[in-house]
Amino acid sequence: MDYNNAFANAVSEIKDEGRYRVFTNIRRYKGNFPHARYYTDAGVKDIIVWCSNDYLGQGQNDEVLDAMREALDDVGSGAGGTRNISGNTYYHTMLERELADLHQKEAALLFTSGYVSNDATLATIARILPGCIIFSDESNHASMIEGIRRSGCEKRIFRHNDVAHLRSLLEKAPQSAPKLIAFESVYSMDGDMSPMKEFLDLADEFNAMTYLDEVHAVGMYGEHGAGVAERDGLMHRFDIIEGTMGKAFGVMGGYITANATIIDAIRSLAPGFIFTTSLAPVLAAGVLKSVQILKSEKGRELRAQHQRQAQYLKDAFRNAGLPIMETSTSHIVPLFVGDAVKCKQLSDLLLEEYDIYVQPINFPTVPRGTERLRFTPTPLHTDELCDELVRKVSEAFGRLKIAKAA
């Protein structure tokens, strides 16, 4: 067999479909987000970043950076191993306490990423509960899907945000079987939110556990930034709440929060936690400070400004006749394109000629035929930057003859 040819053909097929991904070489300016430098063979130029998940610009917050410097000077760079052997530090312990307090749970557990926290936790839960059936929203993140797959348990996929369909699946399941309902609060590609109260009511009715992914909501919603569940007064009803430290908190890592018994079981049994070198203390220190900031009045001010800028951009796109996807009820602003090739062409044109960096979102991240550009305005994207963006995007749509109707 020609092994190399097999790999080359796999990449060629992706290119033929117009969904080949090119990683843009950029370098942010510390303290001047969303401005960045774009590196090409022809040289370097300034661009505006419009697709970062550093939703509140916390990755540029001087208090966060100072906390990281202090930790670096205090304990050095790496953790020294897994937390079971030599990689458990004061910073990990304090951060878990802070996250548990944020979500009003008894305990929390850190992972190296949000992907790992979903994958490891969901796979382990099902193994702890013999005969468990997991009910999963069809739009759940790949990390949740992978964790459910690896668990080997039975699964039932319900239509996205469809309460009636979930009910019908629960009614057909054996009454005695352990059940877990897994879904997200904010879905990052369409920008919509789940009907979490209705899902929780079904969980109570059918004696099911609940697992909520808040990765695109922690730091962003609620009085203290705990997410949509806090905003809606529902945190206490969830068994497990999962989040990330790499988006609104501006650093890196993932976590779960739950009661002490559940956390102890996952800590003791999940290979994705047990056998992985723990987060560098410098990262834990940065997240700890970021969480503290976003729980404070300063965090509330940032969230209010962020919501204002997201709404401003949505209104500006609509007023320009651009095809904003009306699914979005959150801070995420998707523009519909509907063609993989044109979506990539649009992204390239905006970057090369208009100094706008926004990545195309193609299959498998979204279904074929629903390709889009996904904008994520922050409190640091001013009205002037939003207006400039809309003008440039509108011109680019026209140049590429892309329909301005979703």
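**A guided tour from lysine 295**

The model is predicted, with local features requiring pLDDT of at least 70 and side-chain atom pairs pLDDT 80 or more, while totals for chains, interfaces and linings use all residues. Residues are numbered from 1 along each chain as its sequence is written, and side-chain values use heavy atoms, leaving out hydrogens and water.

Lysine 295 belongs to helix H11; helices are DSSP runs (H or I, at least four residues) numbered from the N terminus. With a relative accessibility of 14%, lysine 295 is buried, a term for values under 20%, whereas exposed means over 50% and partly exposed lies in between (1.4 Å probe, protein chains only). Display its side chain together with that of aspartate 101: a polar contact of 2.6 Å joins the two. A polar contact is a pair of N or O atoms within 3.5 Å; within protein, one must be able to donate a hydrogen and the other to accept it, and residues adjacent in sequence count only if both atoms are side-chain atoms.

Next, select helices H3 (residues 90-102) and H11, whose axes come within 9 Å and cross at roughly 30 degrees. H3 is therefore roughly parallel to H11, as angles under 35 degrees are classed. Axes here are lines fitted to C-alpha atoms over the stretch in contact, with angles from 0 to 180 degrees between N-to-C directions. Residues of H3 including Tyr91, Leu95 and Leu99 meet residues of H11, among them Ala284, Leu288 and Val291.

Proceed to the largest nonpolar core, which has 62 residues; Leu99, Phe135, Ile181 and Phe238 touch the most other members. Helix H11 (residues 281-295) gives the most to this core, with nine residues. Such a core is a set of buried Ala, Val, Leu, Ile, Met, Phe, Trp, Tyr and Cys residues joined through side-chain atoms within 4.5 Å.

Then select lysine 392 in helix H14 (residues 383-399). Is lysine 392 buried or exposed? Lysine 392 is buried, at a relative accessible area of 11%. Its side chain reaches the backbone oxygen of tyrosine 354 at 3.0 Å.

Finish at aspartate 315 in helix H12 (residues 297-319), which is partly exposed at 33% relative accessible area. The C-alpha atoms of aspartate 315 and alanine 79 are separated by 46 Å.

Terms used. Helix = DSSP H or I, 4+ residues; strand = E, 2+ residues; numbered from the N terminus. Parallel < 35°, antiparallel > 145°, perpendicular 65-115°, else oblique. Contact = heavy atoms within 4.5 Å.
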